[in-house]
Amino acid sequence: MNRLSALMVLIVSAAACSSGPPEQQIVNDAARALGGRDRVMAVRTIVIEGEGTNGNLGQDMTPEATGQRFNVTDYKRAIDLTVGQSKTEQTRTPNFAYFQGQQPQKQVFGIAGDIAYNVAANGTPTRAPNAVAKDRRAELFHHPITIVRAALDPAAKLTNPRTAGKERVVEVAAANGLAFTLAIDDATHLPTRVVSMTDNPNLGDVAIETSFADYQDVNGLKLPARLTTKTDNYTTADIRVSKQSVDGDTGNLRAPEPVAAAPPVEGPPPAAVTVEEVAKGVWFLAGQSHHSVVVEFSDHLILIEAPQNDTRALAVIAKARELRPNKPLTHVVNTHHHFDHSGGVRAAVSEGLAVITQKANAQFFQDAIKRPHTIVPDALAKNPKPLKLDVADEGMELADSSRTVQLYHIEGNPHGDAMLMAYLPKERILVEVDAFSPGAAVQPYAANLLENITKRNLRVDRIVPLHGTIAPFSDLVKTQQPAKTTN
Ligand SMILES: [Zn+2]
Ligand SMILES: [Zn+2]
């Protein structure tokens, strides 16, 4: 061997041992920073305890607001990396007027293989829909150890290495079919973020990003003591770790037996729409948790609320059209932006309906109609239509010779800043949602609804709520009377 080729061999082997291609080098550097490839690959379990906050995604006071939080205590997350199982237990307490009241709520949820489950406060476990299971499977890799292990797997595909600011970034197509973006700190080489894409029925294609900070030494590894997760631009969880261990006891992480035996939940349940004519030409469309109202005018119909999702909204729209087949359904009135009440608005637009909402929701719907839904194409993605939007500020009247519907902004309600209610003066009917839910145990928003009715001198006989059952006005008044004590 001459001197030159000996030198070449040296250079080649030095390069191979230190790095490999740049995409592999990012992963190798991360593994080394976390404690070394062998140490990372040997981890069997991680148990994280701490506290922090959860956001209130899609349910805050306005579409842009982020002030509502649940304070999270007794947070414990156990991950078994050997079998792909994880369970989270936490207690969350709202820092705002919450519809279930202010008391702390215990939550338990997990993923075991392909099965996601939630355990209710009374201990009853239920299987979560497949879409939730997919998100939770991805969430298992929103941790430095799990994502770097997935990236070290020779079956993983690493692509598009790049430098962005103080981070080096690589795309990871994991052997299990899931895809992630991994970013590491250019100086320390510790993972800074993991991003995965998912479908959100309201927001469409969204990035879920978990950032890692405050690394600390744990059993020969570096682990983050702060994990912050965002969906799109909204912070959904921010956890400060007080204690964490590696290879400790996780307890039982298997799916509870009734859940493991339950069939997969493919999607939202099929829509069941009941029809009740509450006044001539006014129909209450109920049947499940979220209701709508159809109102007939002389030459058209309007719908109040396209809730939840495509399935519910399209079924309600079809039912409305059956009621008066010769009159076009022209508008949908949206009561407020909350995701469970606005989740069918894109479907309504795909059916050619114009949208009426409170002014503060206008930008939200303009954006919602434009957002890409490529991961799970919805009705509007399959049948694009432009948005026709009418906004009500303090109020708006929809009237012709046969009918009057007055829309009013519910001012100052602690449930939301941009809510509309609909009043039919001739029929003395008030249509509202979430401000008063007949039959609910706590009514934190009812006093304000009563104030809004009183100050506008509305004469209401019946409340047609979009949750629960139709109630006399006196039921709303009763929520403000002190409860009688019985011995
Ligand atoms: Zn709401
Ligand atoms: Zn609601």
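Visitor: Is glutamine 406 buried or exposed, and what is its relative accessible area?

Guide: Buried means under 20% relative accessible area, exposed over 50%, and partly exposed in between, with a 1.4 Å probe and protein chains only. Glutamine 406 has a relative accessible area of 15%, and therefore is buried. Please note that this is a predicted model, in which local features need pLDDT of at least 70 and side-chain atom pairs count only at pLDDT 80 or more, while totals for chains, interfaces and linings use all residues. Residues are numbered from 1 along each chain as its sequence is written, chains are lettered from A and ligands numbered from 1 in the order in which they are written, and side-chain values use heavy atoms, with hydrogens and water left out.

Visitor: In which strand does glutamine 406 lie, and with which side chains does it make a polar contact?

Guide: Helices (H or I, at least four residues) and strands (E, at least two) are DSSP runs, numbered from the N terminus. Glutamine 406 belongs to strand β22, residues 403-409. A polar contact is a pair of N or O atoms within 3.5 Å; within protein, one must be able to donate a hydrogen and the other to accept it, and residues adjacent in sequence count only if both atoms are side-chain atoms. The side chain of glutamine 406 makes such a contact with the side chain of glutamate 397 at 3.0 Å, and with that of tyrosine 408 at 2.9 Å.

Visitor: Which residues coordinate the zinc ion (ligand 1)?

Guide: Donors are N, O and S atoms within 2.8 Å of the metal (3.2 Å for Na, K and Ca); water is not among the atoms, so sites may look incomplete. His336 (NE2), His338 (ND1), His415 (NE2) and Asp434 (OD) coordinate the zinc ion (ligand 1) at 2.1 Å. In sequence, the spacing of these donor residues is H-x1-H-x76-H-x18-D.

Visitor: Why is the arrangement around the zinc ion (ligand 1) irregular?

Guide: Four donors count as tetrahedral if all angles lie between 85 and 135 degrees; four count as square planar and six as octahedral if opposite donors are over 155 degrees apart and all others between 65 and 115; anything else is irregular. The four donor atoms around the zinc ion (ligand 1) subtend angles of 89 to 175°, which makes the arrangement irregular.

Visitor: What coordinates the zinc ion (ligand 2), and how far apart are the two zinc ions?

Guide: The zinc ion (ligand 2) is coordinated by His341 (NE2), Asp434 (OD), Asp434 (OD) and His467 (NE2), at 2.0 to 2.5 Å. Its four donor atoms subtend angles of 56 to 141°, so this arrangement is irregular. The zinc ion (ligand 2) and the zinc ion (ligand 1) are 4.1 Å apart, with aspartate 434 coordinating both. Aspartate 434 is buried at a relative accessible area of 13%, and histidine 341 is buried at 1%.

Visitor: How many aromatic pairs are there?

Guide: Rings of Phe, Tyr and Trp (its six-membered ring) pair if their centres lie within 6.5 Å; planes under 30 degrees apart count as stacked, over 60 as edge-to-face and the rest as tilted. By this rule there are seven aromatic pairs. One of them is edge-to-face, between phenylalanine 70 and tyrosine 98, at 5.2 Å centre to centre with 85° between the planes. Both of these residues, phenylalanine 70 and tyrosine 98, are buried. Phenylalanine 96 and tyrosine 98 form an edge-to-face pair at 5.6 Å centre to centre, also with 85° between the planes. Phe70, Phe96, Tyr98 and Phe99 make up one aromatic cluster.
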